[in-house]
Amino acid sequence: MLLPLPSTTTPTSSPFLSHHPNGLKSSSISGASKLSNKERRFIRKLGLAKISATFELKPPPYPLNALEPIMSQETLEYHWGKHHRTYVENLNKQIVGTDLDGLSLEEVIVNSYNRGDLLPAFNNAAQVWNHDFFWESMKPRGGGEKPSEDLLKLIDRDFGSFEGFVNEFKTAAQTQFGSGWVWFAYKDSRLDVGNAVNPLRSDEDKKLVVVKSPNAVNPLIWGYYYPLLTIDVWEHAYYIDFQSRRPDYISMFMDKLVSWEVVNSRFEKAKAVVEQMEREDERKRKLEEQRFTTDEAPANAIFPDTDAAAE
C-alpha cells in the first residue's frame, strides 16, 4: 500500500526515542534541556566545564568494499566518508550549547522538527539518522532471501504478494521527485491524542506501507510509523556507480543488497512496541471503567447510612 506523505505533525511517541519506550515525555524544546540557559552561561564563565555535543560518525556494519561490485568502495568513501561525516560535524556545531545539546539523536530530530517550523539542526540530525538506518539495511550478498513467515504473511495481505511489494517499492523510489527517501514501514492506526484511550483495534488496523519522503524527512516525525527498510534516492547515493540510471540502482539494491535479517528484526521490535502500547491502552481502559462504575454507584453504596450499618 503506497501512502501519500503523512501529516507532518510532531508525534507524541516513537519507538526510537531512547529514554522512554513510547517516546518523548515532552515535546517542549526548552523543557528538554538538563541545564537552563542561565546555568549554562554561568558554568562557561567560571570555566568549570565545556558543554559539547557528542554525536559520532558510525561506520557501516561492514568494510567499505564489502558491497562491491554492486556498490563500490569509492561510493562508500564518498557517500559515508564525506556526506555522512559532514552531516555529523554540522549537527554537532549546530546544537552545542543549545537546548538540544545532551538529547539523543532521535529526540533532537523530533524537537528540531518543531511541528513543521524547522529549526536549523533538523536536516543534519535527520540525515545522520537516515544514513545510519540505510547502511544497516544492506549487507554483502543481500537481497536473495525473503522476509520471515510472519512478515511475508502481512506483505501478501497488504501488497498482494512479495513481488507486488517489490514492484511498489521500486516504483515509489523511481518516482520520488528530486532528493529524498523511500520507506517500507509498519503503521499502527492510533489516535494521536494524549488524553484519549485508543479504540478497540484489530490486526487489520496495522498496515505495511510504502511511503516517500522529501529531503531529510523521516518517519520519526509522523507518529506510529515504524520503519523497516529505506533506500536513499539522493543522487550522490548512486551517481558514481550508476550515473543517472536511478532505476538500475534501485533494482540492484532490492535484488542484491537488502538485509532481510535486519528487516525481520526491526519488524519484531516494532510489533513488540505496538503490543506494549496496546497493553497500556487496556490498562487505561480498565481504569476508566472502574472510575465510571464508581461514579455511577448509588451514594449509599459508597457511604452507607450510619444507622443502617449499626443495625
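Leaving aside residues up to four places away in sequence, Asn 130 touches Trp 181, Trp 183, Ala 216, Val 217, Asn 218 and Thr 230. The model described here is a predicted one, and within this model Asn 130 is found in helix α5.

Lys 271, by contrast, is found in helix α10, which covers residues 260-296. With residues up to four places away in sequence again not counted, Lys 271 touches Asp 150 and Tyr 186. Are Asn 130 and Lys 271 buried or exposed? Asn 130 counts as buried because its relative accessible area is 0%, under the limit of 20%, and Lys 271 is also buried because its value of 18% falls under that limit.

| Residue | Relative accessible area |
|---|---|
| Asn 130 | 0% |
| Lys 271 | 18% |

Helix α3 (residues 73-95) and helix α5 (residues 122-136) meet at an angle of about 145°, and their axes are 8 Å apart. The crossing in which α3 passes α5 is left-handed. Among the residues that make this contact are Leu 76, Trp 80 and Tyr 87 of α3, together with Val 128, His 131 and Trp 135 of α5. Which kinds of residue form the contact of α3 with α5? The residues of this contact divide into nine nonpolar, seven polar and one charged, and Asp 132 of α5 is one of the residues that take part.

Technical notes: Residues numbered from 1 in each chain as written. Predicted model: local features only at pLDDT ≥ 70, side-chain atom pairs only at ≥ 80, totals over all residues. Heavy atoms only, no water. Helix = DSSP H or I, 4+ residues; strand = E, 2+ residues; numbered from the N terminus. Buried < 20%, exposed > 50% of the residue type's maximum accessible area, 1.4 Å probe, protein only. Contact = heavy atoms within 4.5 Å. Axes fitted to C-alpha atoms, helices over the stretch in contact; angles between N-to-C directions. Left-handed = near helix turned anticlockwise from the far one by under 90°. Nonpolar A, V, L, I, M, F, W, Y, C, P; charged D, E, K, R; others polar.
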